[in-house]
Amino acid sequence: MQILVIGAGVVGLAVARAAALAGHDVTVAETTGGIGNGVSSRNSEVIHGGIYYPTGSLRARHCARGRRLLYAFCAAHGVAHRKCGKLIVAANSPEFAKVETLLAQGRENGVEGLELIGGNAARALEPELSCIGALSSSESGIVDSHGLMLALWGDLADRGGMIAFATPVERMSFVAPQWRVHFGGNEAGSADVDAVVNCAGLGAQALARRIEGYPLAAVPPLVLAKGNYFGFAGRPAFSRLIYPTPVDGGLGVHVTLDLAGRMRFGPDVEWIEEESYTVDPRRADAFYARIRTYWPALPAGSLVPDYCGIRPKLSGPGEKQADFVIAGPAAHGLPRLVNLFGIESPGLTSALSLAEEVVGYLS
Ligand SMILES: Cc1cc2nc3c(=O)[nH]c(=O)nc-3n(C[C@H](O)[C@H](O)[C@H](O)COP(=O)(O)OP(=O)(O)OC[C@H]3O[C@@H](n4cnc5c(N)ncnc54)[C@H](O)[C@@H]3O)c2cc1C
């Protein structure tokens, strides 16, 4: 089949690669001039274990499976990564109860390498930490997300697939037996393809509404939850990822490390109406308060506004966390079309596994 994948983020590239490996003729259409210019370059670059998500959900299944595939892919393709491990820390007894619940949830999800440890054991690993106990996850790690996307693109190109940059898909309609796709950009025009996968991230809903005959009721609402990061101006205090217990809409302001060992904090959760990428320095106050619950020695004046990312969520504040949505023909009645909605965290970890499921829908 001739397959068009819309969006050159980590998910679109993983889907395009999987389709090309399955023998299809694949093109990726991307609005911007490069790969990974959307959500995929504005995240924590954490390889998640798969602990938090309800058992049986797409997020639970694809995170754990995607993680295993991702470590194998990184090793085989020389993508920089480090299985540094992670501690989810409890500052008090109510938080310890939450951590125990997370252990049970993680075990039910089949996550390997989980262990509950006491405060002293946690401090033996990370001497700067203050906590009464922690859940240790040895399978968690970090990855060079851009290196990962370049490697996915490399596999795609090796199989003859290509990316059309500066090519925004504007609308499409099914003109049997193919999809007619209209795109803008400098060389605006249309093309006919056998199958389409919408991996447009924050743009997925807007695009779905421009598919002729697509049931509007089947387009889930897009809820924007910005995550702000603050960099740390000093020597890193930790060698593992340190997470507090999760909050509404996110995993809590955590310590993330990059592959150079630098430490930063975030993301928080800021519910917004419109896309905006400025980090308000005043949010630092809440960061200091939260971080000091597990790192009391955080020096004053050490946090500097860094970058932010926007989670393409399907649920709002106080609502039950929505799952990923993979909307294939059964969901909307149109042939050989898959829309991906709500691919927020852990979408980076899940990408390789999601890709396999999506390609399965097309054949
Ligand atoms: C703050 C934050 C922290 C996160 N941390 C983690 C983490 O640590 N670990 C983890 O596993 N996940 C994490 N995630 C989630 C992860 O980053 C995303 O799930 C993943 O990057 C989504 O990739 P994507 O390819 O679906 O979207 P994107 O990367 O946004 O790609 C979509 C692409 O589609 C293009 N596009 C849009 N509309 C059109 C159109 N009409 N025509 C053509 N192209 C179009 C866009 O330009 C964009 O390049 C985090 C997310 C956020 C916001």
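Good morning. I begin at the ligand, where a polar side-chain atom of T31 lies 3.1 Å from a nitrogen atom of the ligand. This is a predicted model, in which local features need pLDDT of at least 70 and side-chain atom pairs count only at pLDDT 80 or more, while totals for chains, interfaces and linings use all residues. Residues are numbered from 1 along each chain as its sequence is written, and side-chain values use heavy atoms, with hydrogens and water left out.

An oxygen atom of the ligand is 2.5 Å from an N or O atom in the side chain of S40. At V11 the backbone takes part instead: one of its N or O atoms lies 3.0 Å from an oxygen atom of the ligand. Taken alone, the ligand exposes 1000 Å², and the protein buries 94% of that. Such accessible areas come from the Shrake-Rupley method with a 1.4 Å probe; for residues, only the protein chains shown count as cover.

Which elements give two or more residues to the shell around the ligand? They are α1 (10-21), β19 (303-313) and α9 (347-362). Helices (H or I, at least four residues) and strands (E, at least two) are DSSP runs, numbered from the N terminus. The shell has 38 residues, and those that come nearest to the ligand are E30, S40, V46, I343 and T349. A residue is near a molecule or strand if one of its heavy atoms lies within 4 Å of it. By class, the shell divides into 17 nonpolar, 16 polar and five charged residues. Here Ala, Val, Leu, Ile, Met, Phe, Trp, Tyr, Cys and Pro count as nonpolar, Asp, Glu, Lys and Arg as charged, and the others, Gly among them, as polar.

Is K313 buried or exposed? K313 is buried, with a relative accessible area of 1%; buried means under 20%, exposed over 50%, and partly exposed in between (1.4 Å probe, protein chains only). The side chain of K313 makes a polar contact of 3.0 Å with the side chain of E344. A polar contact is a pair of N or O atoms within 3.5 Å; within protein, one must be able to donate a hydrogen and the other to accept it, and residues adjacent in sequence count only if both atoms are side-chain atoms.

Strand β14 (residues 223-232) holds N228, and N228 is buried at a relative accessible area of 0%. Its side chain is joined to that of E270 by a polar contact of 2.9 Å. Y229 also has its place in strand β14 and is buried, with a relative accessible area of 2%.

Next, the second largest pocket. About 170 Å³ of space lies in it. Its lining includes I3, L4, T27, A164, V181 and V193. At least two lining residues come from each of β1 (2-6), β2 (25-29), β11 (178-183) and β12 (189-193). How many of the lining residues are charged? There are no charged residues, against nine nonpolar and two polar. On a 1 Å grid over the protein atoms alone, a pocket is an open set of points where a 1.4 Å probe fits, with protein on both sides within 12 Å along at least five of seven lines; lining residues have an atom within 4 Å of a point. Grid points are joined across faces, edges and corners, and a volume is the space filled by probe spheres set on the points.

Finally, the backbone. The peptide bond from A176 to P177 is cis, with omega near 5°, and P177 is found in the loop between β10 (169-175) and β11. The bond from S345 to P346 is also cis, with omega near 5°; P346 is found in the loop between β21 (337-341) and α9.

Positive phi values also deserve mention. E45, which is not a glycine, has a phi of about 55° and sits in the loop between β2 and β3 (46-47). A166, likewise a residue other than glycine, has phi near 50°. A166 lies in the loop between β9 (162-164) and β10 and is partly exposed, with a relative accessible area of 39%. Just after α2, G78 takes a positive phi of about 65°. Helix α2 covers residues 58-77, and its buried residues include L58, H62, L70 and F73. Thank you.
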